[in-house]
Amino acid sequence: MSQYVTAAEAVKVVKSGDRVYLQAAAAAPTLLADALTERAAELRNVEVCHLHTEGEARYAHPALAESFHVNSFFIGANVRHTLKAGNGSYTPVFLSELPHLFRKNVLPIDVAFIHVSPPDQHGYCSLGVSVEATVAAIENAKTVVAQVNPRMPRTFGDGILHVSEIDYLVEVDVPIFSHSVEPFTPEEEKIGGYIASLIDDKSTLQMGIGSIPNAALSKLTNHKDLGLHTEMFSDGVIDLIESDVINCNYKGTLRGRVLATFLVGSQRLYDFVDNNPFIELKESSMVNDTARIRKNPNMVAINSAIEVDVTGQVCADSIGARMYSGVGGQMDFIRGASLSNGGKAIIALPSVTKKGESRIVPYLKQGAGVVTTRSHVHYIITEHGIADLYGKTLKQRVAEMVKIAHPNHQETIDRAYSEMLGC
């Protein structure tokens, strides 16, 4: 039977050698994680695993390496240092497959730390703004500990669980981690315009957080009957939903509803999704399932990259051999969109880094990971235009890619690739 306890009492269930799963993104149960960190002197070899999380990750401090080891399924900025310091690892996995690692007992879970809304009159809580693989973790964990927060939005979908499924509850009252909407740069504005030019009425969209997706969404106000089937979304969709541009009437999967697996944004977003039946958050094994994604006619997948070579190979998880983020759901949606009737698979990125280095390159850096292969991508977009790679030869692809590189780098990129081939 579930019981209310303090955070310090709740985390006593963790033993040396345990594997602990933390709910992801803006729902990161930071107060529980902090209480666990306070027990560092008592614990050894506890694995803390999760997707990217918001907020401070005190358990990830290298000084606590004997107590805690971080296993990231998608590397967030708060734990990126652990890979170099030696107190962290990265497990490559498609977001669509992560729940299966728990259900198949490939990665058994001892304790799941989650973050929920208070029980309603029937005893049901909501996982709120992040479902991802948490349902599978709850099902397979020996012990489930929840911080119960009146500020957590109640969302519909897979994230509804009865209080009896939770062993220990810890009452908290803290803000949900939020991100403000940043203004677009001129380059992002151009990229957004190019993306919007490829989107037809009655398309279904997948896009993430950040200025480029928001810039693209801002250009869609005159579109009609769009749908949303996406791994995550942020504030940029709210105005389009309220103006009936996004109504999901022509989707093939969960028609009439927005479908996602987590969300991150401002308080406005959290207020918008609270008790909103138009929004459904489901497990990533369903949302990111290529077979379901492809059922949406005119599915448009919009993703980003760290660098792309002139043949269309997309590196999105590392800078050379240095792991930076993760595989996530990029390939789930790129492939699903490619197989959709009328679908389009798009990679969008600025042409140069903040230091002025080209992100369109003749060949990827040594050790760089190919998240999306040259066979999967349809379009690459920078502020300098659209490269249409679908059905193109390598030589034709190079010509397309060079033209969307920054003008200062075009000649160098073209020459370097030719020299590499010896032609």
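The following legends describe close-up views of one predicted model.

Residues are numbered from 1 along each chain as its sequence is written, and side-chain values use heavy atoms, with hydrogens and water left out. Because the model is predicted, local features need pLDDT of at least 70 and side-chain atom pairs count only at pLDDT 80 or more, whereas totals for chains, interfaces and linings use all residues.

**Figure 1**
Helix α6 comprises 12 residues, 186-197. Helices (H or I, at least four residues) and strands (E, at least two) are DSSP runs, numbered from the N terminus. From its first C-alpha to its last, α6 reaches 17 Å, close to the 16 Å expected at 1.5 Å a residue; the expected span is 1.5 Å times one less than the number of residues. Glu188, Ile191, Gly192, Ile195 and Ala196 of α6 are buried. Seen down the axis of α6, these buried residues fall within an arc of 135°, so they line one face of the helix; the arc is that of the directions from the helix axis to the C-beta atoms. Buried means under 20% relative accessible area, exposed over 50%, and partly exposed in between (1.4 Å probe, protein chains only). The exposed residues Pro186 and Lys190 are carried on the face of α6 turned away from its buried side. The packing partners of the buried residues are α7 (211-218), β18 (299-303), β23 (344-348) and β25 (379-382).

**Figure 2**
A pair of aromatic rings is described by the distance of the centres and the angle of the planes. Rings of Phe, Tyr and Trp (its six-membered ring) pair if their centres lie within 6.5 Å; planes under 30 degrees apart count as stacked, over 60 as edge-to-face and the rest as tilted. By this rule there are 2 aromatic pairs. In one of them, tyrosine 21 and phenylalanine 102 are edge-to-face, at 5.2 Å centre to centre and 70° between the planes. Tyrosine 21 lies in strand β2 (residues 19-22) and phenylalanine 102 in helix α4 (residues 98-103), so this pair ties together parts that are 81 residues apart in sequence. Tyrosine 21 counts as buried, at 0% relative accessibility, and phenylalanine 102 is likewise buried, with a relative accessible area of 0%. The rings of phenylalanine 73 and phenylalanine 102 have centres 6.2 Å apart and planes at 65°, so this pair too is edge-to-face. Phenylalanine 73 belongs to the loop between β4 (68-72) and α3 (81-85) and phenylalanine 102 to helix α4, so the pair ties together parts 29 residues apart in sequence. Phenylalanine 73 and phenylalanine 102 are both buried.

**Figure 1. Arginine 80 over the ring of tyrosine 324.**
Arginine 80 lies over the face of tyrosine 324, at 3.7 Å from the ring centre. A charge sits over a ring if NZ of Lys or CZ of Arg is within 6 Å of the ring centre and within 35 degrees of the ring normal.

Strands of a sheet pair through backbone hydrogen bonds, either parallel or antiparallel. Here 8 strands form an open sheet with parallel pairing, in the order β1-β11-β8-β6-β2-β3-β4-β5. Its edge strands are β1 (3-4) and β5 (88-90), each of which pairs on one side only. Two strands pair if DSSP finds at least two bridges between them. Strand β3 (residues 46-50) runs parallel to β4 and is joined to β4 by 5 bridges. Histidine 50 stands opposite serine 72 in β4.

Serine 203 occupies the loop between α6 and β12 (204-206) and counts as buried, at 1% relative accessibility. Contact means heavy atoms within 4.5 Å. Leaving aside neighbours within four places in sequence, serine 203 is in contact with Asp225, Leu226, Gly227, Pro297, Asn298 and Val300. Lysine 295 is found in the loop between α11 (290-293) and β18 and counts as exposed, at 54% relative accessibility. Not counting residues up to four places away in sequence, lysine 295 touches Gly252 and Thr253.

Most residues other than glycine have a negative phi, and most peptide bonds are trans. Cysteine 248 has a positive phi, near 65°; it lies in the loop between α8 (238-242) and β15 (258-260) and is buried, at 0% relative accessibility. Asparagine 275 has a positive phi near 55°. Asparagine 275 lies in the loop between α9 (267-273) and β17 (279-281) and is partly exposed, with a relative accessible area of 46%.
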